[in-house]
Amino acid sequence: MSESIPTHPQLAALLLAGGQSSRMGEDKAQILWEGKPLLQRVCEVACHCASLVYYITPWPERYESMLNPEHLSGRTVQALSETDHQRGPLGALWEGLSQIEAEWVLLLACDLPLLDPAIVQGWASQLPHLPPESLALVPQQGTLWHPMCGFYRRSALEPLQQFLDQGGRSFQRWLPQIGTTPLEVGTAEFRMLRNFNTPGDLHAPRPE
């Protein structure tokens, strides 16, 4: 993947690498797909789209070698420690938003190796034009959100804290509450948002 300059300097990326990978049977972030670990593939896309890139996990030392600058065209990726593993991806987003000072954070799951940086950059170009009351920009199909490849304004931190304090754990319930702007998902976007959860996903043909 060739090096490019991020299009939105006020955008940071946060990669999630704290899942249990129970359906995969092993740590999916480290699984090789077409010769590269899944987490490294997603990180390469993040480096194209964001001026700062972080990954959050309870086990940062696991991923240091695959995310060193030698593998990422010289880019430095910073580790954030996930302190409350039980709160899931929403809790990880809260921890990220509380530590990252960029105006927007692009949240990416580690199991999305088909991400197209051009599509993600196109989505990021919409961020400066969103009204202040829109706290997220997230792909949506019908009533289903795809929050693991979405953009979250730092000012979403307070309503997210309130939602978590009330016992909330679902992005699908939280996103409609915060004035989320939907991103249209066409055929190309649907293909790139395919996540890898099971060993069978690793061997399925790459979508055309």
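## The model and its confidence

What you have here is a predicted model, where local features need pLDDT of at least 70, side-chain atom pairs count only at pLDDT 80 or more, and totals for chains, interfaces and linings use all residues. Residues are numbered from 1 along each chain as its sequence is written, and side-chain values use heavy atoms, leaving out hydrogens and water.

The protein chain has a mean pLDDT (the predictor's confidence in each residue, from 0 to 100) of 88, with 86% of its residues at 70 or more. Helices (H or I, at least four residues) and strands (E, at least two) are DSSP runs, numbered from the N terminus.

Take helix α1 (residues 38-49) and helix α3 (residues 117-124): they pack at about 40°, their axes 9 Å apart. Axes are lines fitted to C-alpha atoms, for helices over the stretch in contact, and angles run from 0 to 180 degrees between N-to-C directions.

On the α1 side, Val45, His48 and Cys49 meet Pro117, Val120 and Gln121 of α3; contact means heavy atoms within 4.5 Å.

## Glutamine 126

Move on to the loop between α3 and β7 (136-141), and you'll find glutamine 126. Leaving aside residues up to four places away in sequence, glutamine 126 touches Leu137 and Leu183. Leucine 137 is eleven residues from glutamine 126 in sequence and 8.7 Å away in space, C-alpha to C-alpha.
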